[in-house]
Amino acid sequence: MQKLTGIVTLSAILLLSSGCSYFGVYKRDIPQGNLVTAEMVEQLQPGMSREQVVRVMGRPLLEAPFDANQWDYVFRLDEAYGGVDSRRVTLTFAGDRLANIEREGDLSGDIELRSVEGAAPLEAMPAPQPQPQQEAGGPLPPGGAPFAP
C-alpha cells in the first residue's frame with residue numbers, strides 16, 4: 001500500500017511540475033506580413049511609379065495572380081494576451097502608375113513590436129568584414145569562379 005501511495009504521489013508531482021500548462025503557457029505576439037503605417041500610406045500619391053512605391057512601402061506581400069496591376073500590403077498582429085490588429089492597403093496601378101489606394105483597418109495607431117528575449121537586434125549584428133586581397137593587389141574571385149591573372 002505504501003508503494004502505491006508513493007507511486008501516485010510521485011506521478012502527481014511529475015504531472016504538476018511538467019510543462020502541461022498548469023502554471024500557464026508562454027505566449028508571444030505573432031506579427032505577419034508587411035508592416036504598414038499611416039506615415040507610409042501618407043507618402044503615396046496617385047501617379048507614382050512602381051519603383052517609387054517599392055521605395056516607400058517595400059515589395060508587396062501579395063500580387064494578384066491574374067491581375068498584375070493590383071498589389072496588396074497586408075499586416076496582421078496577433079497579440080499574445082490581447083486582440084488581433086489587422087491592416088491592409090490595396091494599391092491599383094494603371095500601367096506603371098499608381099491609380100488607386102484602398103485602406104482597411106486602423107492605420108492611425110502605432111504598433112509596438114516587442115523583441116524576443118535572446119534575439120539580437122539588427123544594430124547589434126557584427127559589421128561585414130572586408131574581403132581579403134590577393135598579393136597582386138586584386139580581389140579574390142567569387143566562389144566557384146576561376147581565377148584569371
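I looked up D85 and R87 first: their side chains meet in a salt bridge, at 3.7 Å from N to O. I used the term for a side-chain nitrogen of Lys or Arg within 4 Å of a carboxyl oxygen of Asp or Glu. R87 is buried, with a relative accessible area of 4%. My cut-offs for relative accessible area are under 20% for buried, over 50% for exposed, and partly exposed in between (1.4 Å probe, protein chains only).

A note on the source: the model is predicted, so local features need pLDDT of at least 70, side-chain atom pairs count only at pLDDT 80 or more, and totals for chains, interfaces and linings use all residues. Residues are numbered from 1 along each chain as its sequence is written, and side-chain values use heavy atoms, with hydrogens and water left out.

How many salt bridges does a search of the whole structure find? I got three.

Next I checked R88. It forms a salt bridge with D72, and the closest N and O atoms are 3.4 Å apart. R88 lies in strand β4 and D72 in strand β3 (residues 70-78), so the pair ties together parts 16 residues apart in sequence. Strands are DSSP runs of E, at least two residues; helices are runs of H or I, at least four; both are numbered from the N terminus. D72 is buried at 5% relative accessibility. R88 is partly exposed at 28%.

Then I turned to R50. Its side chain meets that of D96 in a salt bridge (3.7 Å, N to O). R50 sits in helix α3 (residues 50-57) and D96 in the loop between β4 (84-94) and β5 (97-104), so this pair ties together parts 46 residues apart in sequence. R50 is buried at 17%, while D96 is partly exposed at 33%.
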